[in-house]
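Have the model open as you read.

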Amino acid sequence: MGPTRISEKFRQAARISQVPLYRLALQCDIPPGRIYKVIRGIAPVHDGDQRIIALGRLLGLSPAECFFSKKDSEGEATG
């Protein structure tokens, strides 16, 4: 499982969350500064990172919806 990035769906869920992202990140043992770098694509994540999956679940996402996939890039190219 190599470096990847989070999905656009994850970014959107984080953006519209009623709870501040830093609070959710702390619940998942992610430093607040790091989660903001991950959201902006500055810091890489590893596909399957359990902390990101836990945060995704708090945002209402399945594990598969948390990470960028080839399907996401096809949607960006056509959409």
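Leaving aside neighbours within four places in sequence, which residues is G56 in contact with? They are F10, L61 and C66, where contact means heavy atoms within 4.5 Å. Bear in mind that this is a predicted model: local features need pLDDT of at least 70 and side-chain atom pairs count only at pLDDT 80 or more, while totals for chains, interfaces and linings use all residues. Residues are numbered from 1 along each chain as its sequence is written, and side-chain values use heavy atoms, with hydrogens and water left out.

G56 sits in helix α4, residues 50-58 (helices are DSSP runs of H or I, at least four residues, numbered from the N terminus). G56 is buried, at 0% relative accessible area; buried means under 20%, exposed over 50%, and partly exposed in between, with a 1.4 Å probe and protein chains only. As for C66, ten residues along the chain from G56, the two C-alpha atoms are 6.0 Å apart.

F10 leads us on to α1. There, F10, R11, A13 and A14 are buried. Looking down the axis of α1, you'd find these buried residues within an arc of 165°, so they line one face of the helix; the arc is that of the directions from the helix axis to the C-beta atoms. On the face turned away from that buried side are the exposed residues R15 and I16. What do the buried residues of α1 pack against? The answer is α2, α3 and α4.

Conventions: Helices (H or I, at least four residues) and strands (E, at least two) are DSSP runs, numbered from the N terminus.
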